[in-house]
Amino acid sequence: MSVLVVAEHLRGELRPVTLELVTAAKELGGPVAVAVVAKDPSALADAVNVEGVDEILAVAVDQEEFENDVYEQALEQLLSERDFDVVLLGFTVNSMGYGPALAAKLGLGFASDVFAVRDDGGLVATRAFYGSKVQAELEFPGHDRVLLLLRPTAWAPAEGAGAASTTDVSVSISGSRARHKDYVEAATGDVDITSADFLLSVGRGIGDKENIPQFEELAGKMGATLSVSRPLVDQGWIPSSRQVGQSGKTVKPKVYLALGISGAVQHLAGMKTSGTIIAVNSDPEAAIFNVAHYGAVADLFEVAEELEKLY
Amino acid sequence: MKIVVAVKQVAALGDEVEFTEDERDVDPDYLDFALNEWDTYATEEALRLCEASGDGEVVIVSVGDEDAEDAMRRCLAMGADRGIRIESEERLDPIQVARALAEVVQAESPDLVFAGVQSADAVQAATGTALAELLGLPRVAVVTKMELGDGKATVNRELEGGLVDVLEVETPALLTIQTGINEPRYATLRAIKQAEEKEIDVRQPSDLGTPAYEVTKMFVPPKGEGAEMLNGSAADVAQRIKEIVEECTA
């Protein structure tokens, strides 16, 4: 089936998810076109010209950085001129701003956070429901065109030099109502969790802010660096520089010891490539066990107390 | 100042799961229900803005069956003024939910519309943006900060890795609200009791269109391939963890 991949870029750099989308597109058979919506699409053309890409659609717009009205209008015009069976976007913050809108406007088949696709005489997509505890296969009856937001890191990035042709596509953008002003870097903390060999990571399971010092101390004793999952940052218990996950840091320590972390998709995206993952959780169905190398269904405080004794 | 907040009663699975006979969904007997976490932040943000304006109304809208009113009552107990529930017994896709909401929200002519970034059970992150489209409103997804101006707002959008995109958005607008933007208040017992008396209007949905997808099969994912479970007492588990750590960091 013919696939349109929408390239994602930030401050002049192609974002890695784009090449992952190309891999998924190839699995659907192709032909594969990649749309680059940018002020100067040619600057990104080389980066997306990887093996398996048949055509690069260069869509020049006035805006250098992402704005959702611009992408929506550009894509709408592109889809009115060209036929694609499937449109692939990353399940990213940018895509969340216009992908569902485009699907609603054009009446496209739609699903997001999809992590497997196949052509089974029709498109079949797999995604999770109910906090990742179950998965489901989706089909798209009644839709000639389907727009999917694919989970980052679920596919390997496409590699190798491509031989894609480039087509310039002109679009007219009639205004952008949410305009990019500035980027502000994430706060850097006193500790760089991305350089640690051993992370002791705690989540909602620790229950209370008052328990954080206990785990800081345990991490110190064990020779680990303390990191956390998002809910602890949301509650203001600890600075965001300690946060592992999609909106925090992506880490790859030799050992990732997760205590009381259930394993939300966004958290797993930030740590699943760690060398060895050990998870302790009281819920035997916790999603963290799906990526862990070692798991224990246990009370994290009891395990922490025993670890204290050993170090 | 009138702010409409779209909320969802989300379903959580416990330790056990059974599927319906057609294997396309979980048997509802195995589900627990609660107000979506993101929506507590959206409701709080709406309440704060209205309180600051001195003259405001916060309207909670939701699509679901009568049980969904439990989640709406939570928002009313936090301080929202009234609710509108759009009747639906079925599990809808996010674009259908947006279609069900659109007419009702439009009729309210709000100054702002809020939704949570995503729902904890389905994680589509789609309803808010789709709703903005149907309402013809500017929108920003994944908002972590906002300041209202005259006919516009300055908002922070949280990108991957924590990078913040500062935007200026024309208002009225729809914003999807990220967790951590504020500290949602707890409802007092008295407020919970008073919320029982607040009005929840029930409407029937109009045409929801062709579903965006159809679930053909739901199943329990293959278990953590290669995950070795550490059994025994907490002391045994701790001992094994120490051994594994020493082996892997050596």
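Which strands make up the open sheet of 4 strands, and in what order do they come? Keep that in mind as you look around; point 2 has the answer.

1. **Before you start.** This is a predicted model, in which local features need pLDDT of at least 70, side-chain atom pairs count only at pLDDT 80 or more, and totals for chains, interfaces and linings use all residues. Residues are numbered from 1 along each chain as its sequence is written, while chains are lettered from A and ligands numbered from 1 in the order in which they are written.

2. The order is β8(A)-β9(A)-β10(A)-β12(B), and the pairing is antiparallel. Strands here are DSSP runs of E with at least two residues, helices are runs of H or I with at least four residues, and both are numbered from the N terminus. Two strands pair if DSSP finds at least two bridges between them. At the edges sit β8 (116-119) of chain A and β12 (214-219) of chain B, each pairing on one side only. From one strand to the next, the twist averages 25 degrees; the axes behind such angles are lines fitted to C-alpha atoms, for helices over the stretch in contact, and angles run from 0 to 180 degrees between N-to-C directions.

3. **Where the chains join up.** Strand β10 (residues 134-139) of chain A is linked to β12(B) by 5 bridges, and the two run antiparallel. To find this spot, look for A:Q135, whose bridge partner in β12(B) is B:F219. Another cross-chain pair is β13 (residues 178-184) of chain A with β9 (residues 164-170) of chain B, antiparallel over 6 bridges. There, A:D182 has B:V166 as its bridge partner.

4. **The contact as a whole.** Chain A puts 75 residues into the contact and chain B puts in 71. Being in contact means that the C-beta atoms of two residues, placed from the backbone, lie within 7 Å. On chain A's side, the largest share, 9 residues, comes from helix α4 (residues 93-106). That side has 37 nonpolar, 20 polar and 18 charged residues. For these classes, Ala, Val, Leu, Ile, Met, Phe, Trp, Tyr, Cys and Pro are nonpolar, Asp, Glu, Lys and Arg are charged, and the others, Gly among them, are polar.

5. **Two domains in chain A.** Domain 1 covers 3-169 and domain 2 covers 193-310, with bounds from an automatic or database domain assignment. Their centres, taken over C-alpha atoms, are 33 Å apart. In the contact between them, 5 residues of domain 1 meet 4 residues of domain 2.

6. **Chain B in outline.** Chain B has 6 helices and 13 strands, and its C-alpha trace spans about 60 × 45 × 40 Å along the principal axes. Of its 250 residues, 46% are buried. Buried means 20 or more other C-beta atoms within 10 Å of a residue's own, exposed means 12 or fewer, and partly exposed is in between, with C-beta atoms placed from the backbone.

7. **A helix tucked away.** Helix α2 (residues 69-78) of chain B has 8 of its 10 residues buried, so it is largely enclosed by the rest of the structure. Among the buried ones are B:M72, B:R73 and B:L76. Next after α2(B) comes B:G79, with a positive phi near 135 degrees.

8. **One loop residue.** B:E23 lies in the loop between β2 (9-13) and β3 (31-35) of chain B. Is B:E23 buried or partly exposed? B:E23 is partly exposed, because 13 other C-beta atoms lie within 10 Å. Leaving out residues up to four places away in sequence, B:E23 touches B:K217 and B:M218.
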